[in-house]
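Here are my notes for a first look at this model. Have it open beside you and go through the points in order.

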Amino acid sequence: LRNDPVPATATLKALDLAHHLHPFTDHGELRQEGGARVIASAQGCHLTDTDGQRLLDGMGGLWCVNIGYGRRELAEVAARQMNELPYYNSFFKTTMPETVLLAEELAALTPEGLNRVFFSNSGSEANDTNIRIARSYWQKRGEPQRTVIVSRKLAYHGSTIAAASLTGLESMHDIPGVPIPDIVHAPAPFWWANGGDLSADEFGIEAARGLEETIRAVGPERVAAFIGEPVQGAGGVIVPPATYWAEVQRICRKYGILLIVDEVICGFGRTGRWFGSQTFDIAPDIMTIAKGMSSGYLPISASVVHDAVAEVVFDAPGRFPHGYTYSGHPVAAAVARENIAIMKREGIVDYVGDDIGPYFQERLATLLDHPLVGEVRGVGLMAAVELTRDKTGRAPVEPVGSMATPVRNACFENGLVTRAVRDCLVFSPPLVITRAEVDELVAILRRSIDQAL
Ligand code: PLP
């Protein structure tokens, strides 16, 4: 085994600045700040950097390390599978045991009727796949003009050109060529920013009606699918009002539109049930899963397709011309299966739903007594803390980010990883976080708000 010494932190930072292009990063700013923090190891819910600082990971990596860091079982299963069969594919009428068994497991775990699984490697790729499945469905049903996918403002569905087009964050559309044609964005069910004088429940209905207006403006006969996250995650943990999803589903049924539910964040226990679709009573035609499926230990994602859709798209004569070299990768599949087995064995989903999720929400809500905290919203182990100087009027912070960014930086200095989205701080800790760690998170956050603002 290679055993060369790891260079000193300063050398790593310099090499990183010279050669490594970071996602979603202002490299000028990074250079000014002296380079990136180097994360060297992790255990449970804590990261350690090369300077020896311990950080409580309030983001679970990027909303993905559901069972926490340092699970030897996942490393061992990966090594076993690499020795047995490190790679093969299912392109040419072949398959692999771990891939088959994972598909079976996912069919059993996901809601009724979702029994057919198409594997990809990332959430973005799975959503690209979903666009092609939805359009192929309508083509094969004899309605090829149904090509439009309706997404929402503030949605995050990924970063490939098609997934970035689905994404409803304006900054993602800055590079020419995005959005691609035939993708439109309906309003987000974001009560704090847009609810005005309406109650949350009234606003939920209004936001869903906004979807209907979007569909009617396009022409319902042109719409293939609506895609939505049960809770919009990267857009700022936007928990929809209780009235919202029932109305959205009524509208999709009324116009015969496929419903794609993007569970990349909400899936695998995050909201206190296996899937956000169960928490919000949603019946998807296609479900996107990724992240928590393997707790981020290896990249793997999937489109889980309802029988009624799969029969049209995949059981018709001819082949579906789509797939990735690593679709159904046997090592990633083995790791995902072990991850799911651990979640079941340790009762992690019930722990989130019945114990630590409610505790986390309750503890975060104690921040509402702070004059600069306007709203604490969340479900299970995902949450946002909305900072404001106008608790009652809910006027947007000017300039955007001027409250949350310094608090986020102070949190980092104080040993807590969080992320600023506009002027809220978002959280998505590992699902195995303890009560003591939740207390630590809330205490650091309160202290950081007081220090930074
Ligand atoms: N969909 C949702 C809801 C996400 O939150 C993300 C990533 O954060 C994606 C899709 C894209 O996943 P990936 O980054 O694996 O391409």
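1. Start with the open sheet, where 4 strands line up in the order 1-2-3-13 with mixed pairing. Strands count as paired if DSSP finds at least two bridges between them. Strand 1 (39-43) and strand 13 (416-417) sit at the edges with a single partner strand each, so one side of each has no neighbour in the sheet. Strands here are DSSP runs of E with at least two residues, helices are runs of H or I with at least four, and both are numbered from the N terminus.

2. Before you go further, remember that this is a predicted model: local features need pLDDT of at least 70, side-chain atom pairs count only at pLDDT 80 or more, and totals for chains, interfaces and linings use all residues. Residue numbers run from 1 along each chain as its sequence is written.

3. Look for alanine 42, whose bridge partner in strand 2 is leucine 47.

4. Now for strand 12 (residues 382-387): is it covered or open? It is mostly covered, with 6 of its 6 residues buried. Buried means 20 or more other C-beta atoms within 10 Å of the residue's own, exposed means 12 or fewer, and partly exposed is in between, with C-beta atoms placed from the backbone. In a regular strand the side chains alternate between the two faces of the sheet. Here both faces are covered: Met382, Ala384 and Glu386 are buried on one side, and Ala383, Val385 and Leu387 on the other.

5. Which strands partner strand 12? Strand 11 (residues 373-379) is joined to strand 12 by 6 bridges, running antiparallel, and valine 379 stands opposite methionine 382. These two strands make a hairpin with 2 residues between them, and glycine 380 in the turn has a positive phi of about 60°. Strand 15 (residues 424-427) is also antiparallel to strand 12, with 4 bridges; there, alanine 384 stands opposite valine 426.

6. On to the helices. Helix 15 (residues 404-413) packs on helix 16 (residues 435-452) at about 125°, with the axes 8 Å apart. Axes are lines fitted to C-alpha atoms, for helices over the stretch in contact, and angles run from 0 to 180 degrees between N-to-C directions. That angle makes helix 15 oblique to helix 16. For reference, under 35 degrees is roughly parallel, over 145 roughly antiparallel, 65 to 115 roughly perpendicular, and the rest oblique. The contact involves Pro406, Val407, Ala410 and Cys411 of helix 15, and Ile444, Leu445, Ser448, Ile449, Gln451 and Ala452 of helix 16. Residues are in contact if their C-beta atoms, placed from the backbone, lie within 7 Å.

7. Helix 14 (residues 348-365) also packs on helix 16, at about 25° with axes 10 Å apart. That makes helix 14 roughly parallel to helix 16. Ile356, Tyr359, Phe360, Arg363 and Leu364 of helix 14 meet Arg435, Val438, Asp439 and Val442 of helix 16.

8. Finally, find glutamate 73 in helix 4 (residues 72-84). Glutamate 73 is partly exposed, with 14 other C-beta atoms within 10 Å. Leaving aside residues up to four places away in sequence, glutamate 73 touches Glu338 and Ile342. Glutamate 73 and glutamate 338 are 265 residues apart in sequence, yet 7.3 Å apart in space, C-alpha to C-alpha.

Terms used
Two residues are in contact if their C-beta atoms, placed from the backbone, lie within 7 Å.
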